[in-house]
Structure formats: C-alpha cells, structure tokens
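Colleague: I would like to go through this model and ask what stands behind each label. Please show it first.

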Amino acid sequence: MAKPKKKRGVRIPFVTDARGDTYDRHAIDMKPTPPYLTPLTCKGCGIRVSARHGNADDPDSRSSHYFKLEPHTPTCRYDLGQRGKHLVDASGGTVVRLEGQWRLKCPPIERPATGGGARKPPGPARPEARGGGGGPRPTSKEAGQAIASAHRIVRLLDDFENDPETVAEFAATAPNGQRNIPWHEFCYDRADAHQLAQALIDGKASALAIPHAVWGPASTAGAVGRNHDTYVVMYVAHQPVTLDDGTRVKLRVTVRSNSPHWIGATTQSGQFLGYGYWQLFPKEDQAQARKRGWIELQLWVKEAWQVERWDTDGTTIEVPAPVRHAVPPRSPAPAPCPADPPPQEQPDVTSVPSDAAAAAPPPSDTPVTGAPENSEVSASEDRRPETPTPPTPSSPEPEELQHSAASAAMQETSSVPHAEVPPPEPHVPTPASGESSMGQRPEPSIPPPPPYPPNTASPEQEGSMLQRWLRRRRRS
C-alpha cells in the first residue's frame with residue numbers, strides 16, 4: 001500500500017526573536033549558530049513558531065522554514081491558508097483551488113495585430129481554433145474581477161516577499177482553460193520584467209502565446225506626444241536586456257492609453273498592474289533602440305479593466321488637454337469670384353450714351369455705338385491735336401485711347417446748338433445718310449428722358465468747346 005503524501009505546511013516568512021529583531025528563513029542555516037534568540041514568534045500575529053532545517057531527503061522540507069506551533073489569529077497577514085480562502089470567496093469565481101494550488105482564470109483578450117509578413121491565400125472555411133488568447137468574450141465585470149484577483153495575489157505574494165515556496169502555491173490558467181501556467185511565468189514585477197522582454201527579443205513562443213500581467217511602481221505618469229493625446233504610466237526595470245548584437249540597453253515598462261482614467265495617469269504614486277499582450281518598442285528596428293539606449297516593454301490598453309491601481313497617495317497631477325487643432329479642419333471652398341469686367345470708361349456727364357452702350361461696353365475692336373455715323377471723322381480730327389503721330393492700320397491705338405477719343409467727340413457734338421442729336425432709342429427714326437449734320441436742322445421733337453444726369457457744364461466751358469469745334473470745322 002502506497003504511503004499517503006505528506007501535506008505541506010504553511011510557511012511563515014518572518015519571525016521576531018526574544019530581543020524583538022526580525023529574521024527571515026535564511027537565518028536558520030547560518031553557521032555556527034543562528035543569530036536569533038528563542039523563543040520565536042510570528043511577526044504577523046505573535047503566535048509561537050519554531051524553525052526547521054532543510055532536509056535533502058525529505059521532498060516536503062528540502063529548504064529551511066518556520067512553522068507555527070498554534071493557529072494564526074484571523075487577521076494575520078502571514079496566514080496563507082486563511083488568506084487563500086478569502087481570495088477565493090472575493091474572486092467571483094475567477095480564482096479556484098485545484099491540486100493544492102490557487103489558480104487564476106485569465107480572461108480572454110484580443111490579440112494585437114502583427115505587422116509585416118505576407119498574407120496567406122484564402123483557404124477553405126474551418127472552425128476557428130481556440131489559441132492561448134481565445135475563448136468566449138467576457139463582460140467587463142467578469143474581466144475586471146479577474147484583474148482584481150490578480151492584484152490581490154500580487155499583494156499577498158508581496159507580503160511574503162515573493163518567497164519561491166509561497167509563489168509556487170499559485171498559478172494561472174490560460175484563457176482557453178487548457179493550460180496551467182506557473183505564476184512566475186505569468187506575472188512579472190520590477191525585478192524580473194526583463195525576463196519577459198528578453199523572451200520577446202529572442203522570439204520565444206512562450207512569450208507570445210498567452211497574455212501576461214506585469215506590475216510595478218508608477219514612477220512616471222502623465223500625457224506625452226506632440227498633441228498630448230496619449231497617456232502613460234511607467235517605470236524602469238532593475239535589470240537591462242540584451243539585443244541581438246550583444247548590446248545591453250535599459251528596459252522601460254510602460255502602459256499606454258488614450259484615456260488617462262483607465263490607467264490612472266493623473267497620479268504619480270502607488271502601484272499598477274497591466275494585463276494583456278505586451279510588445280516591444282521599437283518592435284523590429286533594434287538599431288533605434290541601440291541609439292537611444294533603451295527599449296520599451298509596452299501595453300496598449302484598449303479596455304478599462306486591463307489595468308489595476310493601488311496604494312496611491314490621493315494626490316493628482318495636472319495633465320494638459322489634448323491639442324485638438326493639430327490637424328486644421330478643412331474650410332469650405334470659397335465661392336468663385338466673378339471675373340473682373342474689362343476696364344470701362346467713366347460715364348461722361350456731358351453726353352447721353354445709348355441704352356446699348358450703357359448695358360454692355362463694346363469690345364476694343366468694334367466702333368463706339370453711341371456716336372453718329374460720321375463720328376469716325378470727328379474722332380480722327382479730335383485726335384490730331386492730342387496725338388502728334390496719327391495711328392496707322394498696322395499699329396492700332398490702345399483700347400483706352402480709342403475710347404477716350406470717341407468720348408471726346410461725343411461730348412463736342414452734343415454741345416453744339418445746331419448739331420444733329422443722335423436718337424437714343426432704336427425706334428426713333430434717324431436722319432438720312434445723305435444729309436449733312438451741318439446746315440440742316442431737324443424738326444424739334446421731345447427727346448426721351450436721359451439715363452444719365454443732364455449737362456452741367458458751365459457757359460465758359462460750353463463756349464470754349466464750341467470755339468474748338470468751329471476751328472476744326474474751318475480747318476477741314
């Protein structure tokens with residue numbers, strides 16, 4: 001008949017001797033005699049304890065340890081059995097006791113997209129495989145309870161100073177429920193976070209297959225980036241990591257998020273724990289990490305339940321508001337401005353142009369429509385005293401000069417008392433082409449109201465204009 005396995009005793013990490021000094025289990029094997037003075041008591045509750053040296057032949061007592069001589073008090077923090085029961089009761093089903101271990105059920109979480117690599121051709125449809133990060137999608141409440149349980153386990157082990165025998169009492173179950181992970185391979189702190197980063201640098205499958213928990217002090221917190229729209233909480237690990245070429249660089253452990261409240265970026269105190277698929281930055285360019293002298297083990301937080309904070313001192317820091325105008329908004333296209341009309345001469349108050357001339361100015365290569373039929377002769381004569389060299393057909397005058405000459409002729413013609421007034425309206429009959437504008441007087445008629453103000457020139461100006469006109473007529 002097989003001998004029943006001896007039940008493992010509950011370890012006590014620290015004791016107090018008769019002088020009030022504190023000792024851990026390493027004091028048991030000191031030579032020639034242990035430094036403590038009996039009797040010994042539990043540092044947590046004061047019950048009597050005893051010391052036992054390690055025995056290589058006894059699988060249950062290969063290391064030296066303290067053991068209790070009477071039950072712990074209910075509030076003793078070194079009563080591992082009692083604290084384990086409280087852990088299971090408060091876990092909401094996320095921590096179970098199986099095969100002598102307390103096991104945490106890890107919640108499934110989405111695996112981050114991996115960049116690079118060629119795409120595989122589409123194959124036949126097949127059932128989705130449940131990998132290390134698979135499993136049914138949990139609710140935020142269920143996942144949050146699992147991370148809160150991980151936080152309690154971390155604090156429990158921290159009270160025991162991460163004693164290896166105490167750490168061996170805990171484990172984690174992969175999200176698919178088919179793999180049991182030792183706690184020291186699932187959760188890392190500041191002292192051993194470099195092991196996870198080194199495994200990622202070396203490309204080990206164990207570091208990529210499952211999500212991990214990493215915790216440590218919030219040494220730095222706040223907003224980063226050019227637009228202050230990314231928030232971080234981080235610390236520097238105790239041990240560096242080695243790149244592929246043998247260069248050793250510092251390791252920064254960072255959780256990042258677009259929400260400061262998810263990671264507690266407004267307080268630079270206490271501890272934090274992040275759960276998920278951790279990655280390296282720079283991810284592939286180790287030359288950049290070598291130049292900077294550090295590499296980052298980072299976790300981008302996409303769910304509010306992924307991070308747990310505790311032991312904060314209640315103080316907060318001001319984080320700058322995100323810069324929303326980093327990319328200026330697109331302004332609506334301005335309405336197209338109408339094309340500038342060709343330059344027009346100012347309306348002459350001494351002449352009455354026709355309606356067609358007022359509505360649309362003529363182009364530069366057409367004659368002025370507001371002058372009589374014989375206005376070309378008058379215009380050419382009017383240009384003689386002002387322009388020394390008359391224009392030739394090969395070199396026409398500029399448009400501005402042609403308009404000014406025609407306007408001057410119209411002014412002089414309208415100022416002559418006996419000159420024929422051109423009809424302003426198309427329906428008014430015009431004089432016959434054979435009749436001369438000189439010596440004949442049309443029948444008096446009532447002209448239509450002018451579209452422009454009447455002539456306001458002074459009598460002196462009228463006399464002078466008449467004299468100039470008479471001189472030009474005599475000269476011709």
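Modeller: Start with the angle classes: under 35 degrees counts as roughly parallel, over 145 as roughly antiparallel, 65 to 115 as roughly perpendicular, and the rest as oblique. Axes are lines fitted to C-alpha atoms, for helices over the stretch in contact, and angles run from 0 to 180 degrees between N-to-C directions. Helices (H or I, at least four residues) and strands (E, at least two) are DSSP runs, numbered from the N terminus. The model is predicted, so local features need pLDDT of at least 70 and side-chain atom pairs count only at pLDDT 80 or more, while totals for chains, interfaces and linings use all residues. Residues are numbered from 1 along each chain as its sequence is written, and side-chain values use heavy atoms, with hydrogens and water left out.

Colleague: Why are H1 and H2 called roughly antiparallel?

Modeller: Helix H2 covers residues 140-159, and its angle to H1 is about 170°. The cut-off is over 145. H1 and H2 are therefore roughly antiparallel. Their axes are 10 Å apart.

Colleague: What makes the contact between H1 and H2?

Modeller: On H1, Leu80, Arg83, Leu87 and Ala90. On H2, Ser149, Arg152, Ile153, Leu156 and Asp159. Contact means heavy atoms within 4.5 Å.

Colleague: What does the chain contain overall, in helices and strands?

Modeller: The chain has 12 helices and 19 strands. It has 476 residues, and 36% of them count as buried. Buried means under 20% relative accessible area, exposed over 50%, and partly exposed in between (1.4 Å probe, protein chains only). Take contacts between residues at least 6 apart in sequence: 68% join residues at least 24 apart.

Colleague: Are Cys42 and Cys76 buried or exposed?

Modeller: Cys42 has a relative accessible area of 3%, so it is buried. Cys76 is at 4%, so it counts as buried.

Colleague: How many aromatic pairs does the structure hold?

Modeller: There are 10. Rings of Phe, Tyr and Trp (its six-membered ring) pair if their centres lie within 6.5 Å; planes under 30 degrees apart count as stacked, over 60 as edge-to-face and the rest as tilted. Phe14 and Tyr78 are 6.0 Å apart centre to centre, with 55° between the planes, and form a tilted pair. Phe14 lies in the segment before strand E1 and Tyr78 in the loop between strand E5 and helix H1, so the pair ties together parts that are 64 residues apart in sequence. Phe14 is buried at 10%, and Tyr78 is buried at 2%.

Colleague: What makes the pair of Tyr275 and Trp305 tilted?

Modeller: The planes are 40° apart, and the centres 6.3 Å. Tyr275 is in strand E16 and Trp305 in the loop between strand E18 and strand E19, so this pair ties together parts that are 30 residues apart in sequence. Both Tyr275 and Trp305 are buried. Together with Trp183 and Phe186, they form one aromatic cluster.

Colleague: Where does the charged end of Arg97 sit?

Modeller: Over the ring of Trp102, 3.8 Å from its centre. The test is that NZ of Lys or CZ of Arg is within 6 Å of the ring centre and within 35 degrees of the ring normal. Lys43 lies over the face of Phe14, at 5.7 Å from the ring centre.

Colleague: Why is Glu161 called exposed, and Asp311 partly exposed?

Modeller: Glu161 has a relative accessible area of 56%, so it is exposed. Asp311 is at 49%, so it counts as partly exposed. Phi is positive in Glu161, near 55°, and in Asp311, near 60°.
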